[in-house]
Amino acid sequence: MFPDNSSRQPQTILIIEDDGISRQILKVILEEEGFRCLCAENGQIGLDMWHETQPDVVLLDLEMPQIDGLEWLERVKLNESLTHSVILITAHESEEKLSACFALGIQTLLRKPVNRLELIGVVTRAFQFTEMARKLEQRNLLLESTFSQIKGGLMRVAGDTAVELISKDGIHILDANPESIIGRPLAQLLGKSFKPTQNVLTMVRKSGKPIYNRRLKWSLRSGRVIPVQLSAFPLLGPTPAGGWLLQFVDLQREEREQLQRFHGISFGRLVGSSTQMKAVYRLIDRIAPTMSSVLIQGESGTGKELVAREIHERSNRAQGPFHAVNCAAISPNLMESEFFGHEANAFTGAGKRKPGRLELAHRGTLFLDEVGELPLELQGKLLRVLEERAFERVGGTNTIRVDLRLLAATNRDLQEMVVAGTFRADLYYRLQVVPIRLPPLRERKEDLPLLVSWFIDELNRKMNCRVKHVSHDALNHMLHYHWPGNVRELLNTLECCFVMRRGDVIGLEDLPEFAEQPGATTPGEVAIATPTEPVFATPTSERELILQTLAKTNYKKGVAARLLGIHPTTLSRKLKKYGI
C-alpha cells in the first residue's frame, strides 16, 4: 500500500488510441476515478506527448496506422526505465507480436471491449508499480536497522543470489539463525526447492520488473517444507546483475494465525457460528472418517465445495488426491471421456491414452459438483462404478479398479428430478447415504459480519492491501440485502469494494450498485427465506431470478453467472431452457 495521494497533483495517464469513441470512453472512466488524462489520436502524436510530458502510465492501442503499438514501444525504449508503465489494449493480436511487446517492457494486456472494473484495477496497480519502482531507484541501499524491523519476510539478495540483509520475521520463517543465512546463496538455504525461486529471479532480471505473489514451496535446511507467497523486485546496482528484494509470506503460518483469530467461529475454511453451521460442522466431524457417500445440498454459492474439501481433509484419505469436477461445465459429448478416460485412437482426436477423473482420484476423493446435470446414460455407468469400484476406459477392454470416496453436490431438488424421470432413483439413494444441507446466507445473517472479517483478511493478503473493516452503515446495508448469490456473491462484492474503495475503510458509497437495488429490503425488514422457499424452488422462480440478475448487470452474462454462483455454461443452458 502507498500513502494517500489525495493532496498531490492528479496522476497522469496518456491514452494513445486511434478510435475516437474508444478513446473518449477510456478518458471518461479514468477521469471519473480522479486520474488526469492526456489523449493522442495516433502513434506519432503519442510519441511527441510522451517525450514532452513523461506520464506515469500509458494506455497503448496495439493496432494503429503508421506507427503501431509495437513500433511505438521500440522507439520509447521502455526497458531503460522502470518508472513508467505501459498497458497494451487490443482486440486482435498475434502471439508473435504480443511476445515482442512484452519483451519491450509492457506491464500487462487488456482485451477489447475493456471492462470498467478491470481497467480501473489494472491502471491503479500500474501507478502503484511506477511509484514503487521510483522508490526503489531512489533508495537502492536500505538501512539495516530499519530493514530488520519490517514485519514479514524480507530479504535483500545480491546478483549472485547471496543473502545480504534479512528481516527478523524472515529469519523466523526460514527457521535458522542470521549467521547461517547472511552471505550464503539461496541455493544453499533452499536446496532442491531453489529451482522455482531461481526461475522467478531470472524472469525479474530479464524483464527488469517485479513479479508479485508467486506461490512456491520451500524446503528448509531444518527439514520443514513450507508454502510461501513470494514477490520479487529488481534492485539497481553497479553491475547489470543488480540484485533483488524478496518479500515472502509463510502461508501456513498466515492461515494458522487466521484460524486462531477466528477460533470458535470457524471450522477449517468454513466460517460461521450460527446454529445451522454448527450442526453442519458436527456432521462433517462424524462422517469424515467413514467411507460413506455424501450428498451436499444447497443453493449456488453456499460453499458446497468447501464442505467437500473439509470432509476429505479430515478423512484417512487426506494424503490422497482431491478431484473436483463441475458436471455443468463439461460438454455432454465429452463427459464419458472426462470421467472414464480413453484409450489412444478411441475416437477422432484421441491421439494418446488419457486417464479419466475416476482414475485420477484413486485412493482419494472425487467431488461431483452440480451432479444433477449428469445425463441419464452416464448416471447408470457411474452407479456401476460406485457398486463395483471398477470401469473401462472409452475404447478399452481392460477393467480398471479404483479405490475412491464419492462426494456430490447439487443446487437442484433431485427428488423432484427422480419423479420427473431426469435422475435415476437408484443413483440418488446411492449418493444420499448421508445428506448435508447448507443454509443460504439469508438464513444465517448473524454469520455475515464474521464472513466479512474473514474475507477482508483474505483479500488483504491476496491483493496486498490494508483495509481495516467495513463501516457500520455499509455493514447494516449488507445485513438487509437478500444475497441471492450467497457467500460467493458476498466475496465478489467485497473484492469489488477493494477495487473501488476510497480509503482503508469500506463505506456505503463503495458498495456496488447491485447491492443497493432489487433484492435489498428496507431496514428492519430482513428477508429470511424459509427452507421450503429456496431461490430455485421452481422453474418459474429460477427464470425470474435469472431475469432480475441479467437486468442488474446490464445483460452481461459473465457477471450475471458470477452473481448467481453458477458456471457461465450453466447460465447459457438455462437461458436456452427458459427461452430468454
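This is a predicted model: local features need pLDDT of at least 70, side-chain atom pairs count only at pLDDT 80 or more; totals for chains, interfaces and linings use all residues.

Trainee: What is the strand order in the antiparallel open sheet?

Mentor: The order is S7-S6-S10-S9-S8, 5 strands with antiparallel pairing. Strands here are DSSP E runs of at least two residues, helices are H or I runs of at least four, and both are numbered from the N terminus. Two strands pair if DSSP finds at least two bridges between them.

Trainee: Which strands stand at the edges?

Mentor: S7 (163-166) and S8 (211-219). Each has a single partner strand, so one side of each is left without a neighbour in the sheet. Neighbouring strands are turned by 30 degrees against each other on average, direction ignored.

Trainee: How many bridges join S8 to S9?

Mentor: 7, and the two strands run antiparallel. S9 covers residues 225-234. Arg-215 has Gln-229 in S9 as its bridge partner.

Trainee: Which helix packs on that sheet?

Mentor: H9, residues 194-207. H9 touches S8, S9 and S10 (243-250), where contact means heavy atoms within 4.5 Å. The direction of H9 makes about 155 degrees with that of S8. Axes are lines fitted to C-alpha atoms, for helices over the stretch in contact, and angles run from 0 to 180 degrees between N-to-C directions.

Trainee: What about the parallel sheet, which order there?

Mentor: S14-S17-S20-S13-S21, an open sheet of 5 strands. The edge strands S14 (322-326) and S21 (434-437) each pair on one side only. Twist averages 20 degrees from one strand to the next.

Trainee: Which residue stands opposite Ile-436?

Mentor: Ile-296 does, with Ile-436 lying in S21. S13 (residues 294-297) and S21 run parallel, joined by 4 bridges.

Trainee: Helices now. At what angle do H2 and H3 pack?

Mentor: About 25 degrees, with the axes 10 Å apart. H2 is residues 43-53 and H3 is residues 69-76. The pair is therefore roughly parallel; that label needs an angle under 35 degrees, over 145 is roughly antiparallel, 65 to 115 roughly perpendicular, and the rest oblique.

Trainee: Which residues make the contact?

Mentor: Gly-43, Gln-44, Gly-46, Leu-47 and Trp-50 of H2, with Trp-72, Arg-75 and Val-76 of H3. By class that is 4 nonpolar, 3 polar and 1 charged. Ala, Val, Leu, Ile, Met, Phe, Trp, Tyr, Cys and Pro count as nonpolar, Asp, Glu, Lys and Arg as charged, and the others, Gly among them, as polar.

Trainee: And H18 with H20, what angle?

Mentor: About 50 degrees, axes 10 Å apart. That makes H18 oblique to H20. H18 spans residues 448-463 and H20 residues 486-500. Their contact has 13 nonpolar, 1 polar and 2 charged residues. Among them, Leu-451 and Phe-455 are in H18, Leu-490 and Phe-498 in H20.

Trainee: Last one. Is Gly-105 buried or exposed?

Mentor: Buried, at 3% relative accessible area. Buried means under 20%, exposed over 50%, partly exposed in between, using a 1.4 Å probe and protein chains only. Gly-105 sits in the loop between H4 (95-103) and S5 (108-111). Val-86 is 19 residues from Gly-105 in sequence and 7.6 Å away in space, C-alpha to C-alpha.

Note on methods. Residues are numbered from 1 along each chain as its sequence is written. Side-chain values use heavy atoms; hydrogens and water are left out.
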